[in-house]
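Please keep the sequence and the structure at hand while reading.

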Amino acid sequence: MVSVHDFQAGGGSRGPARRLAPLRLDRVLADPATTGKTTALLEVGRTCHLAHTRRTAPGDDSVPVAYVLVPPGATAKTLAVEFARYLGIPVTTRMTTTQITTAVCHTYTAAGVKLVLTDEIHRLNPRTSSGAEAADWLKDLTERVRATFVYAGIDVTDSAVFTGVRGAQLAGRASLIDCGALPARAGSREPFRELIAALEQALDLHAHRTGSLPKLAPYLHERTAGRIGSLSRLIRQAAIEAILDSSERITKTLLDGIALDHLAEEHYRPRNPTRRHTRPSGR
């Protein structure tokens, strides 16, 4: 399970006599596809932003959290442009990478960014010349911006991102958080059922009975293989269908009639006839 505490930056005493800079350890959120890395990343960013808002005085215009998507085939310049885009830093085609970097570092520092969420890091390939430059640029940025960097990507430990000389520069500065599929049960807790209950609370369906979705936790876990992304899409699509057909409630029959992503469907309805699985009634 991923918690906000896994991403907290800094540490040490806050007393006036202690002037040492807090220890900063970046994070790497690694998981297979559709297991919820982006959802977890955004939730952590939202939680940290709200915590910052509660602590600051009215009128404070600092930006504690930044969220950046690594572009496909990232180069140093395209990556720098994405970082600039998040805070609305004006960038022209004539600007050099150095000029954009200077603007990014100055603006992020002035805005008080403390947490930088870098998603789709697996798109970075240090084995190519352009990818190597992008990896070097990102390393330099982490040294110039006093913030905790959190990288999220698909199977990053098996990719080129954290291997080789340049990959080691990033891997040596970050700890790994393995974010796989949610288990149905973890000790005395049922994290998947808890997630379903939280998603149900966000529904705005007039005829839906609260508590009916958590009762379907075993079915939903089998249907989605415990993947947060698949579960979120399933419930969201079911809610849309319930509004369109005026039923205003989500049932197992409605859920079972919705096609999910290929990974989830292959898990729930495998093509191999020798594999046993439970089909809901009526299918």
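In this predicted model, the largest nonpolar core holds 32 residues. Phe83, Tyr108, Leu138 and Leu141 have the most contacts inside that core.

**Nonpolar cores**
- Leaving aside residues up to four places away in sequence, Tyr108 touches Ala66, Val68, Phe83, Tyr86, Leu87, Val113, Val116 and Val145.
- A second, separate core has 21 residues, including Phe192, Leu216, Ala242 and Leu254.

**Helices H6 and H7**
- The axes of H6 (residues 191–201) and H7 (residues 217–224) come within 10 Å and cross at roughly 100°, so H6 is roughly perpendicular to H7.
- H6 makes this contact through Phe192, Arg193 and Ile196, and H7 through Ala217, Pro218, Leu220, His221 and Thr224.
- By class, 5 of the contact residues are nonpolar, 2 polar and 1 charged.

**Salt bridges**
- The model has 7 salt bridges.
- One of them joins Glu143 and Lys139 at 3.1 Å, N to O; these residues are 4 apart in helix H4, which means a separation of about one helical turn.
- Glu143 is partly exposed at 47% relative accessibility, whereas Lys139 is buried at 16%.
- Arg189 pairs with Glu194, with the closest N and O atoms 2.5 Å apart; Arg189 is partly exposed at 39%, and Glu194 is partly exposed at 38%.
- Glu190 forms a salt bridge with Arg193 at 3.1 Å between the closest N and O atoms, and a network of salt bridges links Arg185, Glu190 and Arg193.

Key. Residues numbered from 1 in each chain as written. Predicted model: local features only at pLDDT ≥ 70, side-chain atom pairs only at ≥ 80, totals over all residues. Heavy atoms only, no water. Axes fitted to C-alpha atoms, helices over the stretch in contact; angles between N-to-C directions. Helix = DSSP H or I, 4+ residues; strand = E, 2+ residues; numbered from the N terminus. Parallel < 35°, antiparallel > 145°, perpendicular 65-115°, else oblique. Contact = heavy atoms within 4.5 Å. Nonpolar A, V, L, I, M, F, W, Y, C, P; charged D, E, K, R; others polar. Core = buried A, V, L, I, M, F, W, Y, C linked by side-chain atoms within 4.5 Å. Buried < 20%, exposed > 50% of the residue type's maximum accessible area, 1.4 Å probe, protein only. Salt bridge = Lys/Arg side-chain N within 4 Å of Asp/Glu carboxyl O.
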